[in-house]
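Thanks for coming, everyone. I'd like to walk you through one structure today, interface by interface, and then look inside it. Here it is on the screen.

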Amino acid sequence: MDVSLDLLINAIVSGLLLGGFYAAVSIGVAISFGMLDIVNIAHPAFILLGSYVAYIGNTYFGIDPILAAVILLPAFYALGMAVYQVYHVAFERRDDQSLRGLSFFFGLLFISEVSLVLAFGVDYRSVQAPYIGPSLDLLVIQLPWRLLVPFLVAMAMVVGLQIFLSRSFIGRAIQAVAQDQLALRLMAASPVRIKRIAFGLSFATAALAGAVLIIIQPVEPSIGREYIGRIFAICVLGGLGSFGGMVIAAMTLGIVENLTSTFFGPSWAPAVSFGVLLITLAVRPSGILGR
Amino acid sequence: MASLDARPAVGGVAPGLGSVPFILALIVAAAAIFGAGKLIGNSYAFFAGYVVVQYIVLGTAWNILGGYTGYVNFGVTAFFAIGAYSTVVLYKLVPALPLPLMIVVGGVMAGLVGLGTGYLTLRLRGVYFSIATLALAVVVQTLITNWDFVGGARGAYVLRPRNSPILGGEYMQYLFMVMLGLAVVVLATARAIERSTLGYGFAAIRDDEAAAEASGVPTLKLKLIATTLSGGFMGMAGAPLPYYVTYLDPSSGFSLNYAVNAIAMPLIGGTGSWLGPVVGAILVGGLQEYIRVTISSAINVLVVGVLMVGFVIAAPQGIVGLFQRKR
Amino acid sequence: MASSLTISHVDAGYGAVSVLHDVSLNVGAGETVALLGTNGNGKSTLMKSIMGIVRPSAGSILAEIEGATHQLIGLETEQIVDLGIGFVPEGRRLFPKLTVTENLLLGAFRPKARSAIHRNMDFCFETFPRLKERARQLAGSMSGGEQQMLALARALMSAPRILLIDEPSVGLAPLLVSRTIDKIKELKVGFDLTVLMAEQNFTQAVRIADRGYVIVHGKIAFTGDSAEALNNNDLIREFYLGT
């Protein structure tokens, strides 16, 4: 095989950028699964909802897709709080998280996907923005802005949430809630309220992740499913509960996927994350970077 | 393994029919349904009936793992499609092979994949198994999309023979009969499991796996038996599909509808016993068929999703559970 | 600013098992009261009933805090803490994967405690210099004695008026037990607290207690109105100390 160095370097660099985007997609699950121990497998479906919000804002109102998602952040936050409330009353309190709680999120995933099909059909949709198209050229490396912007948005999300979690009272309580709920109550904090807020935040990240998703690639309602394996592979590989590990895992996966599609063809890329997930689960389930 | 399978319930504790009369009753019911189809004489009845019976098999297969042990398999489409694509491969290699043998091959393939996935992930908490099965569906689809021999992304055509091999009449009647036969096998197995020590072992895992492990239940072995059986039956349910649809491509073979139906039907009907998936498949399958004909096929899949979410929230024991409580 | 606790005729238990029978007890403003008894007699259940972790089936638990009286039965644990009642639970219940500082800051989650956060933190570090040395260490990686200090300090960060301490001596070496008990006295004075302490180490508890109750099989078996009364009681010697 003719492996040129340029091709390799470009594949690695754009893999890094892709990995940054994967961090944006995964951070919501890093919160819900990693910190709250709630296995929200419907997260990718809500990311896709974010993509369509960005699409509507962009196509019908001419707004920048990221701005459209930012405007809708409060709505996603509220939706997340509502979903958590239902989950808490119907499953957490009955201690029925595994069978029916998981099926609940699976049902939400399906309902959301079918609703999008009903509303928008199965055609691919995309957005317009000045940074979609041009690239930043640095010597032999080409950095397409449509990857660079999502990367920057993702890093802003990671840093912003990390600061919130470590510096605010609510943030610290979110970190504590999975460790010991009774102890948290003894700090005068209601675990249900803290989880509701955290779950709302996790949903809010889906709005932004959706906007960057539709910047990177055109979307149709079923592509959310491809991201389930990816997201959970990243979260498990990164070791649950740490953003740092999650970002490193996301970038690793981005690079491996990019090399795979450069040298074997893009149709093989979705299989990479499953391989990574299975190997991690089989070899070191606490994650490569877990505590 | 075999001795566990066959052992009857201790001292006849389980109420109702014995195993042999139950199987006879199932065969009589299947024959009656088939006879009724013949009487209607309309080929639509066979097409619609096939779908409902296919979901009885799929739902019961899912329930052997999900309902009995509490481990949720979201990768139904992977196992179902492995069965379907095994048939496509066999059709291309040995077209003369009778359908029941193709079903056995499809079931063995899917069962092996179930065993492998379970072996890698079942030592961990149940959610990891569920996540792995979700990803499995994507990866099997990727493999098949990249496999030109079975048509790749373009799909494959399978010629449906004109006539039924045994009974005469349309081949569709034969497909329906085969699926009914499969339903008898799967239901008899599910009920036999419920009444055997294997079933008690499964229930112990579902109720408190740590306690089961501590009291000497070989949990990993039992979970692997359940995943293999469950996956194998799903593959069997998928094996006749190419003859039913005559054209199979990855996006239809891996349609999320199969997974949602296979999970929704037991949850709606009730996951505690063999009866739940049957009730769920007949009601939900029938309702879907009705909505598909009267309104639209896009709405009907939405209805299943909404029903499933509604039931897990409001009626966690399913329809069968509602009736048991009232008694 | 006096705060007190009055428990009257409380019955409580777990499901069908009843543990406490008609328990009445009071902790006056500024007092340190010891709740004495060996394992399994209901000390922890009483503490948990006050904190809303166990729901009493009968009786009343009144807390008077800064002039207002509150019925605690029916309130959630977090509401009770928010009123100004701190609790150091048995087993400490720290957040093992958070640092010492993060544990202390979580202690000040209560809105009323946030304004005094720096003053309280300084006081805690002054009282427990070891915690200051370990400020950035994960709580789960510390020794038992250090963890007990952190648990006490964390409860104080919520600026409570009444402090409940369940079994501070459990799992500690004898030298550490007496040091911990001394610290409780120091904190009580420093924060002007009202303290109810459940303890099975009779001699240590009585050193700092103004009064005490002995609980046997879920009933108050003896009320000692002074430390001397407790020390000199035959009943205690017989039932409790086993001499």
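Between chain A and chain C there are 4 residue pairs in polar contact, with both residues at pLDDT 80 or more. By polar contact I mean a pair of N or O atoms within 3.5 Å; within protein, one must be able to donate a hydrogen and the other to accept it, and residues adjacent in sequence count only if both atoms are side-chain atoms. Three helices of chain A, α7 (169-177), α8 (181-185) and α9 (191-216), each bring at least two residues to the side that touches chain C. Helices here are DSSP runs (H or I, at least four residues; strands would be E, at least two), numbered from the N terminus. The biggest giver on that side is α7(A), with 6 residues. Sorted by class, the side of chain A that touches chain C has 13 nonpolar, 3 polar and 5 charged residues. For those classes, Ala, Val, Leu, Ile, Met, Phe, Trp, Tyr, Cys and Pro are nonpolar, Asp, Glu, Lys and Arg are charged, and the others, Gly among them, are polar.

A quick word on where this comes from: it's a predicted model, local features need pLDDT of at least 70, side-chain atom pairs count only at pLDDT 80 or more, and totals for chains, interfaces and linings use all residues. Residues are numbered from 1 along each chain as its sequence is written, chains are lettered from A and ligands numbered from 1 in the order in which they are written, and side-chain values use heavy atoms, with hydrogens and water left out.

Back to A and C. Chain A puts 21 residues into the contact and chain C puts in 25, where contact means heavy atoms within 4.5 Å. About 2,100 Å² is buried between the two, and carbon and sulfur atoms give 69% of that. Buried area is the accessible area (1.4 Å probe) that two parts lose on being put together, summed over both. On the chain A side, F169(A), L186(A) and M187(A) supply 33% of the area buried against chain C, more than any other three residues.

Now, how many salt bridges are there between chain A and chain C? The count is 3, taking a salt bridge as a side-chain nitrogen of Lys or Arg within 4 Å of a carboxyl oxygen of Asp or Glu. The general idea is simple: side chains of opposite charge can pair when their charged atoms come close. One example is R93(C) with D180(A), whose closest N and O atoms are 2.7 Å apart. Another salt bridge is R185(A) with E78(C), at 2.9 Å between the closest N and O atoms. R185(A) sits in helix α8 of chain A and E78(C) in helix α2 (residues 77-83) of chain C, so this pair joins two chains. Over all chains, the salt bridge count comes to 20.

On to chain B. Of the 2 pairs of chains that touch, A and B have the most contacts. Chain B and chain C share no contact, and their closest C-alpha atoms lie 20 Å apart. Chain A gives 40 residues to its contact with chain B, and chain B gives 41. The buried area between A and B is about 3,700 Å², with 81% from carbon and sulfur atoms. In chain A, R100(A), F106(A) and F110(A) lose the most area to chain B, together 19% of what that side buries. There are 0 salt bridges between chain A and chain B, but 3 residue pairs are in polar contact there, both residues at pLDDT 80 or more. On this side of chain A, the elements giving two or more residues are α4 (73-92), α5, α10 and α12 (269-283). The largest share, 15 residues, comes from α5(A).

Last stop, the inside. The whole structure has 2 cavities of 30 Å³ or more. A cavity is a set of points, on a 1 Å grid over the protein atoms alone, where a 1.4 Å probe fits but cannot get out, and lining residues have an atom within 4 Å of a point. The largest cavity has a volume of about 40 Å³, and its lining includes A45(A), L109(A) and R225(A). Here α5(A) gives the most to the lining, with 4 residues.

Notes: 1 Å grid on protein atoms, 1.4 Å probe; cavity = no way out; pocket = protein on both sides within 12 Å on 5 of 7 lines; lining within 4 Å. Points joined across faces, edges and corners; volume = space filled by probe spheres on them.
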